[in-house]
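The following questions and answers go through one structure step by step. Please look at the sequence and the model first.

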Amino acid sequence: MAEIELRNIAKSYGDVEVLRDVNLTFDDGEFVVLVGPSGCGKSTLLRMIAGLESITGGEIAIGGAVVNDRPPRDRDIAMVFQSYALYPHMNVARNMGFSLEIRKEDKALIRERVALAARTLGLSDLLERLPKELSGGQRQRVAMGRAIVRDPEAFLFDEPLSNLDAALRVEMRIEIARLHQELQATMVYVTHDQVEALTLADRIVVMNRGRIEQVGTPLELYESPANLFVATFIGSPKMNVVDCTADERGVHLPGGGIFCPEAWSPDFRPARLGVRPEHIDLTAGGQGDCCGWAEVVERLGSDTFVYVNVDDWGGMVARQSGNAPINPGDRVGLHFDPAQARLFDNAGTALYASETNRA
């Protein structure tokens, strides 16, 4: 396996700039997830690593060698796409080994690698089936097996689970995590799914409008977002954000309440306060850092999500453990966890964040 380096990568289509000044290093054996809103450039970046898109500026190095001018077949990269892209007339075994056939590899070697990949992915009993005889999850495993048999330097995944139903997504997510642990391979993974990113990644790269907002472990991004964009993008439901002002007494909320988070300093001039849903406790009545009316209550068994219309400023969502005794129309008080509240300035920069957490 190999380290992948991106040095000052830029991409433009005519006058439209898609990526600019992207600098990243994917360590040997690391699992890195690229996330961001549609159009942020994450899939384009992945395709540039694979050689499927040309680059406008910068260098891509794989295993220390610059590969800007190498065609995809010579980069020793395997890519798993959103669509399975299986050959409908070939059985599972041929689909998995076809890339080796094209390279004129020895037939015994092809059989050996296909058998090994099939055992790894639980496909040994399906090798004679055609793609139409497989479930969606089985087809995705075949696509992954096709990548494994090549024994590449790195694996690239472009939203591989987006076509699966919820149950299969969970199953395949676990399968990919297990595969990474077994192969110890360098993997770069693009997704829109928060759960996939937070559970699979060694590190997450948050992108927005062609640039990197922050790079860090899942917990670093969740607990210490560098800015308001990362804070509201990572996490579901997203972080509650409210406008605020401050003086030497603390943070002033729109309804006139004063809140003092542990991160507070009289030197700060916060413009917004952020609190995640699980860091809000609800009590019956109207006592708390603020109060309001429960409008919608979602009971999920393990958790209850309560959407509150807060007096003087609007909606917030609170996550309560278990089956919380709250119903629509109840008057509730909201208590913010002072250790977990986050402050942001007018530019959206987190006031507590150290330089190591910034993009």
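Q: In which loop does Asp151 lie?
A: This is a predicted model, in which local features need pLDDT of at least 70, side-chain atom pairs count only at pLDDT 80 or more, and totals for chains, interfaces and linings use all residues. Residues are numbered from 1 along each chain as its sequence is written, and side-chain values use heavy atoms, with hydrogens and water left out. Helices (H or I, at least four residues) and strands (E, at least two) are DSSP runs, numbered from the N terminus. Asp151 lies in the loop between α4 (136-148) and β7 (154-158).

Q: What is the phi of Asp151?
A: Most residues other than glycine have a negative phi. Asp151 is not a glycine, yet its phi is positive, at about 50°.

Q: Is Asp312 buried or exposed?
A: Asp312 is found in the loop between β18 (303-310) and β19 (314-321), and its phi is also positive, near 80°. Buried means under 20% relative accessible area, exposed over 50%, and partly exposed in between, with a 1.4 Å probe and protein chains only. Asp312 has 62% relative accessibility and therefore counts as exposed.

Q: What is the omega of the peptide bond from Ser236 to Pro237?
A: Pro237 sits in the loop between α8 (228-233) and β11 (240-243). Most peptide bonds are trans. The bond from Ser236 to Pro237 is cis, with omega near -5°.

Q: Which strands are the edge strands of the open sheet of six strands?
A: The order in this sheet is β6-β7-β8-β3-β9-β10, with mixed pairing. Two strands pair if DSSP finds at least two bridges between them. The strands that pair on one side only are β6 (77-80) and β10 (211-216).

Q: Which residue of β7 is the bridge partner of Ala78?
A: Strands of a sheet pair through backbone hydrogen bonds, either parallel or antiparallel. β6 and β7 run parallel and are joined by four bridges. In β7, the partner of Ala78 is Phe155.

Q: At what angle to β7 does helix α1 run?
A: Angles run from 0 to 180 degrees between N-to-C directions, and axes are lines fitted to C-alpha atoms, for helices over the stretch in contact. Helix α1 (residues 42-50) lies across β3 (31-35), β6, β7, β8 (186-190) and β9 (203-208). Its angle to β7 is about 150°.

Q: Why is α2 oblique to α3?
A: Angles under 35 degrees count as roughly parallel, over 145 as roughly antiparallel, 65 to 115 as roughly perpendicular and the rest as oblique. The axes of α2 (residues 92-102) and α3 (residues 107-121) are 9 Å apart, and the helices pack at about 135°. That angle makes α2 oblique to α3.

Q: Which residues of α4 make the contact with α2?
A: α2 and α4 pack at about 35°, and their axes are 7 Å apart. Contact means heavy atoms within 4.5 Å. From α2 come Val92, Asn95, Met96 and Ser99, and from α4 Val142, Gly145 and Arg146.

Q: How far apart in space are Phe336 and Gly274, C-alpha to C-alpha?
A: Phe336 belongs to strand β20 (residues 331-336), and it counts as buried because its relative accessibility is 5%. Leaving aside neighbours within four places in sequence, its contacts include Leu253, Leu273, Val275 and Met316. Phe336 and Gly274 are 62 residues apart in sequence, and their distance in space is 9.8 Å.
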